[in-house]
Amino acid sequence: MNIYGKTLEELEDYFVSINEKKFKAKQLYKWLYEKKINNYDEITDIKKEVINKLKEDFLFNKVSLVTVERDKDVCKYLFKLSDNEYIEAVLMMHDYGRSICVSSQVGCNMGCKFCESGRRKKVRNLEVYEIVTQLLLVEEDLKDKITHVVVMGIGEPFDNYDNVMNFIKIINSPYGLKIGSRHITVSTCGIVPKIYEFATFPYQVNLAISLHGATDEIRNKIMPINKVYKLEDVITAVKSYIKKTNRRVTFEYIMLDNVNDSELDAESLSKLLKGINCYVNIIPYNETENISFKRSEMFKIMKFYDILKKNNINVTIRREFGSKISAACGQLRSKKEEL
Ligand code: SAH
């Protein structure tokens with residue numbers, strides 16, 4: 001067990017179980033996440049015997065930073081795990097703050113045809129501490145606070161549901177990294193039962209759905225998960241989520257040349273989403289050398305955007321970060337491992 005994988009509640013239970021006061025958990029959290037200590041011996045307000053017990057019961061290690069690729073407003077971090085696997089995180093500087101995109105698994109089983117990460121099958125889920133410490137190391141490098149978090153790196157977060165939820169509890173804690181829940185977004189390719197479960201998660205976190213197609217025919221071609229959870233089931237789950245949480249959902253839509261970018265596709269998408277409290281985030285595809293999909297030309301993207309607007313769908317075109325430094329999902333790790 002690793003100390004960075006424990007929620008405040010779990011640590012409170014732990015302290016109670018060793019006959020210590022519950023509030024010690026908050027003290028410890030402050031050392032870990034505010035003062036950002038590097039070993040237990042820096043703690044001054046918990047007595048030695050308790051510190052020794054902590055040392056026995058919890059590891060203190062983080063993921064290790066291997067390389068950083070820097071560009072003007074984006075940095076890409078490659079991390080190594082204790083079993084020599086690699087994962088990555090991307091830091092983006094926005095005018096509204098600094099957001100980080102973290103990985104949730106080593107590899108991914110969803111097999112989306114356009115995605116670099118999916119070229120490598122899931123090896124394992126990330127442990128909670130491996131997700132949390134991506135943030136700690138990036139904050140250390142940045143020498144500033146991260147303000148926004150998206151779980152959109154390597155992996156399918158809803159295929160590692162419990163660990164991702166605990167990660168959210170830790171970074172959102174007022175004694176932890178204090179990332180506001182409305183500044184946290186989890187993105188899924190559409191694991192329907194988990195969308196229902198997520199609707200009951202008692203934190204105001206945002207949900208993004210990787211849609212990328214407005215019909216089963218298109219989604220089946222590019223996203224194998226659609227054969228398990230059909231588009232209609234995804235949309236029904238999203239509607240139920242919105243009803244329960246009253247929160248607006250984001251639909252991500254990568255524009256792939258001649259696959260999903262026609263005017264007809266824009267009309268179908270408008271029809272599909274009509275009346276749903278959502279917005280569409282159009283994403284120019286980040287081409288990658290191992291995959292033959294091409295990005296749609298800008299005039300097609302604009303046309304697509306105009307049609308959605310005309311149909312009163314909230315829509316934005318995602319600003320591009322990091323195509324120069326191979327920041328698209330899984331690219332840096334692929335380069336490293338030469339997959
Ligand atoms: N598995 C989750 C989260 C990780 S992928 C999900 O599917 O949502 C994060 C987002 O990046 C998804 O919308 C994914 O479809 C998209 N993506 C993957 N490869 C991309 C690429 N080369 N260019 C642009 N977006 C990409």
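Trainee: Where is the place of Tyr 86?

Mentor: Tyr 86 sits in strand S3, residues 86-94. Helices (H or I, at least four residues) and strands (E, at least two) are DSSP runs, numbered from the N terminus. Before we go on: residues are numbered from 1 along each chain as its sequence is written. This is a predicted model, so local features need pLDDT of at least 70, side-chain atom pairs count only at pLDDT 80 or more, and totals for chains, interfaces and linings use all residues.

Trainee: Is Tyr 86 buried or exposed?

Mentor: Buried means under 20% relative accessible area, exposed over 50%, and partly exposed in between, with a 1.4 Å probe and protein chains only. Tyr 86 has 12%, so Tyr 86 is buried. As for spacing, Tyr 86 and Asp 57 are 29 residues apart in sequence and 26 Å apart in space, C-alpha to C-alpha.

Trainee: Into which domains is the chain divided?

Mentor: Domain bounds come from an automatic or database domain assignment. Here they give domain 1 (3-57) and domain 2 (64-337). Their centres, taken over C-alpha atoms, are 33 Å apart. Contact means heavy atoms within 4.5 Å, and 13 residues of domain 1 are in contact with 15 residues of domain 2.

Trainee: What is Thr 7 in contact with, leaving aside neighbours within four places in sequence?

Mentor: Thr 7 touches Tyr 29, Asn 166, Lys 169 and Ile 170. Thr 7 lies in the segment before helix H1 (8-17), and its relative accessible area of 5% is why Thr 7 counts as buried.

Trainee: Now the ligand. Which residues come nearest?

Mentor: A residue is near a molecule if one of its heavy atoms lies within 4 Å of it. Of the 19 residues around the ligand, Gly 155, Ser 187, Ser 210, His 212 and Asn 286 come nearest. Strand S8 (184-188) and strand S10 (249-255) each supply at least two residues of that shell.

Trainee: How much of the ligand's accessible area does the protein cover?

Mentor: Accessible areas come from the Shrake-Rupley method with a 1.4 Å probe. On its own the ligand has 540 Å² of accessible area, and the protein covers 93% of that.

Terms used
Heavy atoms only, no water.
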